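Colleague: Please take me closely through the surface of this model, and then through whatever ties the chain together. I'd like every term spelled out as you go.

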Amino acid sequence: MDTNSTYMLTLESLAIAPSCVYPAFIFGTLTYCFIVFCNMTVLATIALDRKLHKPMFILLFNLPINDLIGATALFPQLVMSILTQNSSISYPACFIQALLIHLYGVGSLTILTVMAYDRYIAICCPLRYNCIMSHNYLIKIIIVMWLLIISLVVVLLSLVTRFKICRTTIVAPICNNPSLVKLICDDTRINNYYGLFVTAFVQGMSLIVVIFTYIQILFACVMNKSSDAKSKAIQTCGTHLVVFLFLEFNSCFSVLALRFEDKYPSLRNAFGLSIMVFPPILNPLLYGLKTKEIRQNVLQFYKRKVSSGK
């Protein structure tokens, strides 16, 4: 990347009207602050309450960390480019943004896949759950999960550094691997093949695991005659399934939109940005509001704050 570090690149403009620049800047800044606040609230709630130091919540702890990585990769650069009306970005900054964005993308599906496995063990093997999801096993799962995420993404972006770029225009409002590869005039077939492999592997693995676990959970619910157990299982898994399906469908449409970027550039940009904006907002709200233990702890914390303020 040393040969490219001096280049200044130009991102695709969002074409915001001059009269909308300050409202868009304020809206983007407030959205980022809201994302940070909500995700930090979930992180602090799980970290500070020992009653939440259970496998389900320890795995959930990784999701807001990942969401903060994605939001921080997008919003600071985006709101500054809106305010200054300057779409320029240095190659190293673009490379780091692409790295963080892909860590977020791969991380989102991988973490949700591991969480689906945890729910499968909890609902289908409740008597053996504590034995299977022991502390040591849980730590191993988390380490392997993050090693897999980081390895896939680092190799993906490292392949780009082999080449010197011959263009300086990014065909997207954000930096990512496909847009960086398009700056290269040499043969990039290896980059394309590996990129397709990562996409197919992560999305395929996630889909297979989630389909398998939810079929097993469905059978377990059908076999279980207790209505309380069924409602608890549905409530626990419903939130996870909504978040996973949103990510899966959005990822598929984003990949398809890249293939037709000349015909539908606005559609490509909409899907590309939505997958970076909505999950970091929705995840803490869905898990915070839907998960009884987290909701109760957050409410108790703010009640104490209000009482002490009086």
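Modeller: Happy to! Helices here are DSSP runs (H or I, at least four residues), strands are runs of E (at least two), and both are numbered from the N terminus. This is a predicted model, in which local features need pLDDT of at least 70, side-chain atom pairs count only at pLDDT 80 or more, and totals for chains, interfaces and linings use all residues. Residues are numbered from 1 along each chain as its sequence is written, and side-chain values use heavy atoms, leaving out hydrogens and water.

Now the surface: Y22, I26, L30, M80 and L83 make a nonpolar patch of about 510 Å². Two or more residues each come from α1 (21-48) and α2 (55-84), and α1 gives the most, with 3. Areas follow Shrake-Rupley with a 1.4 Å probe, and for residues only the protein chains shown count as cover. Y22, in helix α1, is exposed at 56%; exposed means over 50%, buried under 20%, partly exposed in between.

As for ties, there are 2 disulfides, meaning cysteine sulfur pairs within 2.5 Å. C94 and C175 have sulfur atoms 2.0 Å apart. C94 lies in helix α3 (residues 91-124) and C175 in the loop between α5 (135-158) and α6 (177-181), 81 residues apart. Both C94 and C175 are buried.

Methods: Patches are made of residues with over 30% relative accessible area and no salt bridge: like charges are joined within 9 Å, nonpolar side chains (Val, Leu, Ile, Met, Phe, Trp, Tyr) within 5 Å. A salt bridge is a side-chain nitrogen of Lys or Arg within 4 Å of a carboxyl oxygen of Asp or Glu. Buried means under 20% relative accessible area, exposed over 50%, partly exposed in between (1.4 Å probe, protein chains only).
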